[in-house]
Amino acid sequence: SPGAFALLLQRIIDADDAGEHAEILHGLGEALKGQRQASPPENWPAAFAKAMSSERDDVRMLAVSLGVTFGDQQAIAALRERVLATDADSSARRQALDSLIRIKDPQLLPTLLRLLREPELCECALAGLALYDDPSVPGAVLDKYAELSPQEKRVALATLCSRAASGLELLKAVAARRIPAADIPADLVRQLQNLKHAELDRMLVETWGQVRNTPEDKAKLIAELRELMAKPPATPDLALGRALFAKTCQQCHTLYGAGAKIGPELTGSNRADLEYLLSNIVDPSAVISKDYQQTIVMTIDGLVVSGLLKSEDDKSLTLQTPTDVVVIPKDEIEERQLSDASMMPDDQLKQFTPEQIVSLFAYLGDKVQAPILASKDNQELFFNSKDLTGWTGNEKLWFVENGEIVGRSEGLDRNEFLFSDLAAEDFTLSFDVKLFNDGDKGNSGVQFRSQPLASGEAKGYQADIGPGWWGKLYEESDRGLLWDKLGEQHVKKGDWNEYKIVARGSRIKTWLNGKPCVDLDDPAGKRRGQFALQLHAGEPLEVRFRKLKLEVLE
């Protein structure tokens with residue numbers, strides 16, 4: 001209520017506790033979610049001035065963000081300036097951008113188009129463009145599409161599928177083979193159908209194919225899949241199956257601790273039963289809990305949003321989509337309906353080959369977690385430079401700091417490893433590594449084409465790091481030293497060193513600071529396995545890795 005707002009703002013005016021100021025401003029911002037604009041209390045100017053005099057940047061940013069909702073032109077101008085300040089902290093720029101998107105700032109569209117060129121803000125800009133019904137949006141997104149990461153492509157497609165005009169441009173790009181039809185997942189196909197546009201529906205059939213959603217279609221498909229599982233065309237590949245799960249299912253479901261919690265948890269479900277999997281994947285709407293029915297909203301300017309209803313009040317409703325949480329002001333809603341279909345769409349398997357389907361079902365029914373087979377589609381997920389998502393290891397020894405993976409020990413009884421979820425066959429891996437205490441001691445390494453052992457150790461190739469070992473190739477827990485020529489003469493002691501590993505077929509090559517080290521043809525070696533970073537047993541050690549880049553070779 002206005003009275004409560006005024007009372008809380010008066011507390012900011014009267015008190016000098018910056019922590020309390022931050023709590024109040026954050027809480028008021030949460031209370032105003034779903035409102036593009038709200039009338040400010042009379043004491044807002046005084047509270048804003050007090051907050052802006054704070055030494056804490058978060059207090060000032062929260063005040064500016066709240067001021068935007070109150071229509072404070074000074075606050076809006078400050079945010080516009082912050083978003084465009086390329087020398088400012090990226091998280092502060094992102095927060096400013098979020099605030100301007102929330103009020104649908106009429107001057108923001110040119111900025112969003114410009115930010116598509118900035119990697120740190122591109123994803124946020126792609127999502128924000130969905131709010132603007134402008135003919136320049138589809139072309140700008142489509143022109144950028146080939147350069148986007150897998151996650152950014154997903155957000156870009158969601159934006160293009162949110163309006164009829166941009167959906168048509170997307171399907172024209174698919175027809176022209178600028179964008180692969182397989183890139184459009186089944187849930188976004190359904191989103192296009194929700195737009196209820198005759199030309200869209202016609203083009204969708206031509207470019208993506210007819211969605212099999214009748215009971216007869218589904219019964220026929222289940223029978224075909226049952227026969228496929230009985231006589232698979234190839235041995236199931238669990239790592240490929242997990243890669244497909246990560247691409248298709250993980251946006252909503254969690255399995256073995258990996259994934260989102262939008263749909264039901266799968267770890268404890270009846271996954272070993274083929275009939276259970278067939279019925280739930282092919283016909284997800286046959287038996288559906290009310291909690292997983294999707295709500296479809298069309299706004300007055302033609303935006304369509306489909307998702308699970310998470311909360312609702314007299315001002316707004318909040319929908320969870322596969323890519324985002326969207327708060328929609330009720331005064332912008334033209335039409336709203338509760339669908340009788342599950343949020344999980346039909347025809348999820350349409351994009352996959354028989355070999356891929358067999359591998360996906362094998363992974364879903366297996367009793368242990370598998371690695372993810374690295375591909376061009378997911379190689380950029382190797383390390384996000386923010387946290388250890390996609391990596392498994394002892395959190396007391398491994399962490400991320402300043403965009404670097406840090407391994408630090410006070411001394412270990414045995415080797416410790418940080419394993420990547422990704423497993424690769426042929427690849428190029430490049431990174432910088434810095435080994436501290438690099439005089440007469442310290443040892444680390446990077447595992448590849450390796451596997452974790454029950455003991456916590458690793459088995460497989462290791463590109464060595466450390467005095468007396470730099471540039472050598474070792475096979476951990478197996479054949480031992482495979483390449484004994486030392487590359488230490490190329491190393492900058494105690495400083496960052498560029499390391500590069502190329503594995504293609506049986507050939508292994510490495511470079512240190514651009515100088516060749518290993519060049520080994522090893523027909524007896526493994527051709528696929530996971531990556532891992534090592535902290536060697538023994539004396540205290542700190543090792544840092546940065547600029548980790550994986551490229552899958554075809």
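The buried residues of helix 12 are Ala186, Asp187, Leu188, Val189, Arg190, Gln191, Leu192 and Asn194. The model described here is a predicted one. Because eight of the nine residues of helix 12 (residues 186-194) are buried, the helix is largely enclosed by the rest of the structure.

Both helices and strands cover these residues. The buried part of helix 12 packs against helix 10, helix 11 and helix 13 (198-207), and also against strand 3 (293-299), strand 4 (304-312) and strand 7 (333-342). Just after helix 12, lysine 196 adopts a positive phi of about 55°.

## Helices 6 and 8

Two packed helices are described by the angle between their axes and the distance between the axes. For helix 6 (residues 90-102) and helix 8 (residues 119-128), the angle is about 5° and the axes are 10 Å apart. Helix 6 is therefore roughly parallel to helix 8.

Helix 6 contributes Ser90, Arg93, Arg94, Leu97, Asp98 and Ile101 to the contact, while helix 8 contributes Glu120, Leu121, Cys124, Ala125 and Gly128.

## Helices 9 and 10

In helix 9 (residues 136-144), the buried residues are Val137, Pro138, Val141, Leu142 and Lys144. They lie on the same side of helix 9, because they cover an arc of only 165° around the axis. The elements that cover them include helix 7 (109-115), helix 8, helix 10 and helix 11 (164-175).

Threonine 159 belongs to helix 10 (residues 150-160). With a relative accessibility of 5%, threonine 159 counts as buried. Leaving aside residues up to four places away in sequence, threonine 159 touches Leu126, Ala127, Leu129, Ala130 and Ser166.

## Aspartate 377 in a loop

Where does aspartate 377 lie? The residue is in the loop between strand 8 (372-373) and strand 9 (391-392). Aspartate 377 is partly exposed, since its relative accessible area is 47%.

Residues up to four places away in sequence aside, aspartate 377 touches Pro150 and Lys247. The C-alpha atoms of aspartate 377 and leucine 157 are separated by 15 Å, although the two residues are 220 residues apart along the chain.

Seven strands form an open sheet in the order 10-11-22-13-18-19-20, with antiparallel pairing. Strand 10 (398-401) and strand 20 (515-521) are the edge strands, each pairing on one side only. From one strand to the next, the twist averages 25°.

Within this order, strand 13 (residues 427-435) and strand 18 (residues 497-504) run antiparallel and are joined by seven bridges. Leucine 429 has isoleucine 501 of strand 18 as its bridge partner.

## Strand 15 and its partners

Strand 15 (residues 458-465) is mostly covered, with seven of its eight residues buried. Strand 15 pairs with strand 14 (residues 444-452) in the antiparallel sense over seven bridges, and lysine 459 in strand 15 is the bridge partner of glutamine 451. The hairpin of strand 14 and strand 15 has five residues between the strands, and within this hairpin glycine 456 takes a positive phi near 95°.

Strand 16 (residues 473-476) also runs antiparallel to strand 15, joined to it by four bridges. Here alanine 463 stands opposite leucine 473 of strand 16.

How values were computed: Residues numbered from 1 in each chain as written. Predicted model: local features only at pLDDT ≥ 70, side-chain atom pairs only at ≥ 80, totals over all residues. Heavy atoms only, no water. Axes fitted to C-alpha atoms, helices over the stretch in contact; angles between N-to-C directions. Helix = DSSP H or I, 4+ residues; strand = E, 2+ residues; numbered from the N terminus. Parallel < 35°, antiparallel > 145°, perpendicular 65-115°, else oblique. Contact = heavy atoms within 4.5 Å. Buried < 20%, exposed > 50% of the residue type's maximum accessible area, 1.4 Å probe, protein only. Pairing = 2+ DSSP bridges. Arc of directions from axis to C-beta.
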